[in-house]
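Reader: I've got this one open on my screen and I'd like to go through the labels with you. Can you tell me what each one rests on?

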Amino acid sequence: PVGGGTVLERLKVVVTQPTDGDFKAFSAVCPHQGCTVSTVAEGVITCPCHGSQFDISTGDVVTGPATTGLPAKTVTVGADGLTIT
């Protein structure tokens with residue numbers, strides 16, 4: 001959904017849609033202590049372990065304790081869906 005996203009736990013990737021048709025992808029591994037982020041809602045990606053939150057457009061830290069953002073991945077939109085590298 002716009003403003004949200006999906007965590008692909010098996011792939012350790014989180015895919016977001018900040019605006020309609022604009023998809024972003026980031027590592028789902030929180031840089032604070034290595035937990036996997038769990039939810040994407042209201043413009044933030046949230047880690048359940050210590051409450052760090054990350055911006056769905058940039059992966060930057062919104063709320064710590066994490067001090068670095070989520071590493072970005074490349075998203076390509078094709079006829080068969082999204083490809084993430």
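This is a predicted model: local features need pLDDT of at least 70, side-chain atom pairs count only at pLDDT 80 or more; totals for chains, interfaces and linings use all residues.

Reader: What makes the link between cysteine 35 and cysteine 49 a disulfide?

Author: The distance between the sulfurs. The cut-off is 2.5 Å, and the S to S distance of cysteine 35 and cysteine 49 is 2.0 Å, so the pair is within the limit and counts as a disulfide. The structure holds one disulfide, and with -105° about the S-S bond this link is left-handed.

Reader: Where in the chain do cysteine 35 and cysteine 49 lie?

Author: In distant parts, 14 residues apart. Cysteine 35 is in the loop between β3 and β4, whereas cysteine 49 is in the loop between β5 and β6.

Reader: Why is cysteine 35 called buried, and what is cysteine 49 called?

Author: Buried means under 20% relative accessible area. Cysteine 35 has 19%, so the label is buried. Cysteine 49 has 39%, between the 20% and 50% limits, so that residue is partly exposed.

Reader: How do you know that cysteine 30 is in no disulfide?

Author: Its nearest cysteine sulfur belongs to cysteine 47 and is 3.9 Å away.

Reader: Let's turn to charges. Why do lysine 24 and aspartate 22 count as a salt bridge?

Author: The side chains meet at 3.9 Å, N to O. A salt bridge asks for a Lys or Arg side-chain nitrogen within 4 Å of an Asp or Glu carboxyl oxygen, so this pair qualifies. The structure holds one salt bridge.

Reader: Are lysine 24 and aspartate 22 buried, exposed or partly exposed?

Author: Lysine 24 has 29% relative accessibility and aspartate 22 has 28%. Both values fall between 20% and 50%, so each residue is partly exposed.

Reader: Which strands form the open sheet, and what is their order?

Author: Four strands, ordered β1-β2-β3-β8, with antiparallel pairing. β1 (4-8) and β8 (72-73) each have a single partner strand, so they stand at the edges, with one side left without a neighbour in the sheet.

Reader: How do you know that β3 and β8 are paired?

Author: Pairing needs at least two bridges, and two bridges join β3 (residues 22-27) to β8, so they count as paired. Within that antiparallel pair, alanine 25 stands opposite lysine 73.

Reader: And what does the model's confidence look like?

Author: The mean pLDDT of the protein is 93, with 100% of its residues at 70 or more. Confidence is lowest in strand β10 (residues 81-84), at a mean of 84, and highest in strand β6 (residues 53-55), at 97.

Conventions: Residues are numbered from 1 along each chain as its sequence is written. Side-chain values use heavy atoms; hydrogens and water are left out. pLDDT is the predictor's confidence in each residue, from 0 to 100. Buried means under 20% relative accessible area, exposed over 50%, partly exposed in between (1.4 Å probe, protein chains only).
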